[in-house]
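Okay, everyone, thanks for coming.

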Amino acid sequence: MRGDSPGQARPVVVVGDPVLHNPTEPVTAFDDELAGLLEDMFATMYVAEGVGLAATQVGVSRSVFVYDCHDDDDVRHKGHLINPRIVATAGPEQRIEEGCLSVPGPYATLGRPFSATVSGQDKQGNPIEVTGTGLFARCLLHETEHLAGTLYIDHLNRRKRSRVLQAIEPFPWNGPLPQVSTSELIDG
Ligand code: NI
């Protein structure tokens, strides 16, 4: 495991659950409960061996994500963002494979800008801005989009999207997949 958190890992919600497909509520209370949610999200991300995790992925419709991810210079970035907003992106576009803990299937190639800047708040409510390159830029965009109810597969064409969804399998550390038919997922 890459990291440690005093929090408790929670089950990861899988594609098809409405919490993943709807915009989140902004955070207005920067309290102990929020700090606890962040610790649980870090614990969950480490168990799942992800590089980022949005609150919706543990079934919480609040605008929060955590990350522990390397950038294009192999520098490690670990942190959280509350109420994130994409403020800038810059090219050139990078086309590499992307995946999502809430879409436990094969990865798919997706173009993303080389760098991204996201602004938001920290857990005390102070304004912060984070810029990333390479995989870290991809992570910042992927997680910010989660909180708007968008999954990376929503950027794929119908054929690629259905290829991913038809191959999803539960992760060993998570619960069984929900009973949602594949055709429902593809049309939804
Ligand atoms: Ni994801």
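So, look at helix H2: Leu 135, Phe 136, Ala 137, Arg 138, Cys 139, Leu 140, Leu 141, His 142, Glu 143, Thr 144 and His 146 are buried there. Buried means that 20 or more other C-beta atoms, placed from the backbone, lie within 10 Å of the residue's own. That's eleven of the 13 residues of H2, so the rest of the structure largely encloses this helix. Helices here are DSSP runs of H or I with at least four residues, strands are E runs of at least two, and both are numbered from the N terminus.

Quick background: this is a predicted model, where local features need pLDDT of at least 70 and side-chain atom pairs count only at 80 or more, while totals for chains, interfaces and linings use all residues. Residues are numbered from 1 along each chain as its sequence is written.

How far apart are the end C-alpha atoms of H2? They're 19 Å apart, which agrees with the 18 Å that residues 134-146 should span at 1.5 Å a residue; the expected span is 1.5 Å times one less than the number of residues.

Now the sheet. It's open, with five strands in the order E1-E2-E3-E6-E7, paired antiparallel; strands pair if DSSP finds at least two bridges between them. At the edges sit E1 (52-54) and E7 (127-133), each pairing on one side only. Further in, six bridges join E3 (76-90) to E6 (115-121), and Ala 90 stands opposite Ser 115 in E6.

Definitions and conventions
A residue is buried if 20 or more other C-beta atoms lie within 10 Å of its own, exposed if 12 or fewer, and partly exposed in between; C-beta atoms are placed from the backbone.
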